[in-house]
Amino acid sequence: MRRRKDACREMKVLGMSSPWRSVYTSDRKGLAKALAVAVAFGTVAYLSAEFTKDADGIATLWPANGITYAALIIARRPWRRHQILALSFLANVLANYLAHRGLAANIGFAASNTLEVYTGLALLKLQEKEPFAFRSVRFLGSFAIASVTGALLSSTVAALIASLTLAAPSWSTFGSWFFADLLGLLTVTPAVVRLCQSRHVRPSTSAAAWESYALFTALALATFVVVVLPQATLGFIVLPILVMIAYRLGPDATSTAILVISAIFLAGTAAGFHYAPDAPNQAWLTDIQIMQLRILTVFIIVMLLAEVIDTQARLRERLSAEIALRDQLNEHLKAQEQAISVKKAELEKAHNRLKEAIDILPEGIVILDADNRYVAWNERYAQIYHRALDTIVVGGSLEDAVRVGLERQMYPQAFGREQAWLAERLKNLNTPAAPHEQLLDNGRCYLIEECRTSEGGLISLRIDITELKQREASIRLLFENNPLPMFVVGRDKYAILAVNNAAVAHYGYTRKDFSLMSLRDIQKGELVLPREHGIQHITPTDEAQLFKHYRRDGRSIEVEVYVRPLIHEGQDALLIAAIDVTERRKADRKAAYMARHDPLTSLPNRHLLAERMQLATARAKRGERMALLLLDLDNFKLVNDTLGHAAGDELLQTVADRLTSAVRETDTVARLGGDEFAVLVVDLDQDGSALRLAQRLISIINEPIRIRSKNVTCSGSIGIAMAPDHSCDPDELFRLADLALYAAKEEQRGTVRLFEPELDAKVRARTLLEGEVREAILSNDFELHYQPIFCLKTMKPVGAEALLRWRHPRLGLASPADFIPIAEEIGMIAELGAKVLRQACIEAMSWPDDTSVSVNVSAIELEAESFVDTVKAALAESGLPSHRLTIEVTESMIMKDLQHSRNVLGQICDLGVEIAMDDFGTGYSSLSSLTNVPFQKIKIDRSFVRDLAVSMEARAILATIVDLARTLGMRTTAEGVETTEQLEIVKEYGCTLVQGFLLNRPGPADVIRKILHDGIAGQRDAA
């Protein structure tokens, strides 16, 4: 359609208004096909006109018209057929011109050929419907009539033209033209059409491929024999064979074979061969015309008979298919009958199952039809109405049964009002509404539920509610005597239908007052009603709801309401039980307040602060500025210790009041616990506002506080973290403020410190190191180095001090000062010390027998109750004699708990282990520790030894310590000897033992082991 519209627009541009012109010019595909037909027509026409013409100049074979005729039959659009006729006419003129025909004969012959195919197509369209198909005898007959008519017309016109232009005999011209055209139309046209339609039509042949080729060849040879036999009667003997072969091949292949034979004859005739014998008795027919007549005769007979046979075969196939379809329908009908039988059996079983099912139901059930007549009922229904069982029959009326029941006084509720009761019952029966109750003369009460079916019938159910009614009576008694106030209210307007004695006493209204009130009057309309809470669907598992009720004196009370649906005197109602929780709610509110506030200062506690920080940080994410100030009192413990805890509480209350009065109402002051406070400042206008506020708070806190007639001065330190500058996460902001507070207290108490990223990095590094220390302890990554101890008299090694080292991947070889404090903080120093003690004892077993090993012990290890057992386990596991082990402790460790230290070291001394006081002179220097603790050795600190060469005071102290040890029977060890001069001085002053870099640096176990075995000579060489 688009192409047609485009062509119309094109024709309008060219000045052509007719739409058919645009169709002709726009049909490019059809024009190309028409041109191809014209080329084929012209080629064949030229060959026929040039090489098959007789003495009169008329072609004896003319298949060209068969090509054009076939193209017209195949084409369905009028404009395409017109294109084919026009182009074929031009091709015919050109072919005649090349065959040297005169202009008049040329145009006349071309016009007669065009008239021939046009006439044949017009007649065919009158007799048959399009699209045309060579698939029936009837069509072949119509085609033959149209072709003969066209050929006759064309031959007559051609004969007239030949007589006028060629001066040829008219009969000879007519005969040659007629047979040549008829042969082309009847042989070429069916073959071409069948070949073109073979792609869309089911093949009619059942022969295999090899058989088709063989039959095709046999058909061609037989046709050739029939045509060229000298005697026509002999040819008709072969004709049945042709028919059989054609039937086997089918009409399509037969047409093709005839076309091939015609082409062979055409080629032979063009070459000068004559296949038909002379016919002297039929001088009015030439030999070529006889050949043409034979070919036509063979083609018509063979094709007609083959088509008849093929048509019969198709009819038989169709009949067979219809018979098979009839058989399938019969089988389907049988299957349907069987299915119907099965369905009937299933329905019967379902009916029986339904009957059995309703019979086992505990409720009575009856099914009525649209006229309220009995259809079915179960055993329970018959038992309920056993006194009227004679009236319960299929087809019987339920109304008649009810009337008989009234006569037999089966319905106590109908006594004295039988007609009214019957009318009400029949109304419920005809228009079932809400369930209703029915009391029988045996005292049983039944709930009747009825509904109409889609067909108009009725299903009625009888549920025995006798026990339920009895329970309702018991519940009614319980309702009246319940100590809780209880109400029965209607569902529609919440009118109070009934109250119990407790409600009258608790609310102050009389029963008459209550009967004139609704639930809205008690609630004063301030709260939603129970129905608005969805209580119309409430179940016994629902929780209580809180409401505010008002007593008669106007005082409000808070009540927890429990609501249950019930039927009260035949109408839907709600049973409401109210529990007065006024005092409990007050207590709950007080508890909730106490859970969020500090009981001493009434300030928000940590929980309430966290909630407000959540809100503040949420606003900080949107761009608002806030700050968290953590405040810690610096000398609060001193106030508690000197003035008592009551004074400390008074101090905290005063500080809380001062902090609260110094901030805005929108800010929050909270007490975190002890002497820690927090100030949450929101909506900051400038970066320095938080710092100025912190300085002002410090100044306020530093002002003297009057407590028990004494002025107490209390300072504080503040750490600040801000959002969104530092973090918008509440927990993270709190942590950062705490880091800033810790830094402020480390630097100088009474100061303010704003969080800086370096503080976090320091803490993270510390946390990382703690994790690495923990992992190193668990993985035994520490190693022991040993520093030899020498006797000053002999200068030979008498033992070594075990020194712990850690090869850290980042810090290198770390000393104990880097990790021992961390191990103490994380609580793993005892585990580390036990490993060091055990490893040192095992190593000492490889030394000479007269040597000993010294191990340093921390204060935490000494305070542990299991320390003595740890020493015993190390000695037992290594096998080291106890006198070869020396435990070194500092004086400051002992003075923390002198009594405990004396007990523990006394037990160790009893094992035979030597006790040495390390770093003597740097701690308390208390002589009581030397007399109360069983020391056998004193180690003089390196700080004294370092100054011996230049300080007489250091020498005096050294002399005093040596004399004191000699008096107490103790040995002395000089630590840190690094020069020869220092060595001579400690030797001169009478020290017993010596150790230091001058003699030997600490080294791995294998190095020290060699030194201890080799003696002093090896040591001097090493130095």
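1. Arg584 is partly exposed, with a relative accessible area of 42%, whereas Glu560, at 19%, counts as buried; here buried means under 20% relative accessible area, exposed over 50%, and partly exposed in between, with a 1.4 Å probe and protein chains only. The side chains of Arg584 and Glu560 meet in a salt bridge, at 2.3 Å from N to O, the term standing for a side-chain nitrogen of Lys or Arg within 4 Å of a carboxyl oxygen of Asp or Glu. This pair links distant parts of the chain, since Arg584 sits in helix H20 (residues 582–596) and Glu560 in strand S9 (residues 556–568), 24 residues apart. Helices (H or I, at least four residues) and strands (E, at least two) are DSSP runs numbered from the N terminus.

2. On the source of these values: this is a predicted model, in which local features need pLDDT of at least 70 and side-chain atom pairs count only at pLDDT 80 or more, while totals for chains, interfaces and linings use all residues. Residues are numbered from 1 along each chain as its sequence is written, and side-chain values use heavy atoms, with hydrogens and water left out.

3. A search of the whole structure finds 33 salt bridges, among them one between Arg838 and Glu877, whose closest N and O atoms are 3.7 Å apart. Because Arg838 lies in helix H28 (residues 829–844) and Glu877 in helix H30 (residues 867–878), the pair ties together parts that are 39 residues apart in sequence. Arg838 is partly exposed at 28%, and Glu877 is exposed at 53%.

4. Arg971 and Glu914 also form a salt bridge through their side chains, at 2.2 Å from N to O. The two belong to distant parts of the chain, Arg971 to strand S25 (residues 971–974) and Glu914 to strand S23 (residues 914–920), 57 residues apart. Arg971 is partly exposed at 33% relative accessibility, but Glu914, at 12%, counts as buried. Elsewhere, Arg380, Arg444, Asp464 and Glu467 are linked in a network of salt bridges.

5. Helix H5 deserves a separate look. This helix has 21 residues and reaches 30 Å from its first C-alpha to its last, close to the 30 Å expected at 1.5 Å a residue, where the expected span is 1.5 Å times one less than the number of residues. Among the buried residues of H5 are Trp79, Ile84, Leu85 and Ala91. Tyr97, by contrast, lies in H5 (residues 78–98) and counts as exposed at 57% relative accessibility. His100, which follows H5, has a positive phi, near 65°.

6. Arg76 is found in the loop between helix H4 (64–74) and H5, and counts as exposed at 59% relative accessibility. Leaving aside residues up to four places away in sequence, Arg76 touches Arg81, Glu130 and Pro131, contact meaning heavy atoms within 4.5 Å. The C-alpha atoms of Arg76 and Pro131 are separated by 7.2 Å, although the residues are 55 apart along the chain.

7. For the chain as a whole, there are 38 helices and 26 strands, and 45% of the 1023 residues count as buried. Among contacts between residues at least 6 apart in sequence, 61% join residues at least 24 apart. The structure holds zero disulfides, a disulfide being a pair of cysteine sulfur atoms within 2.5 Å. Cys714 is buried at 0% relative accessible area, whereas Cys909 counts as partly exposed at 22%.
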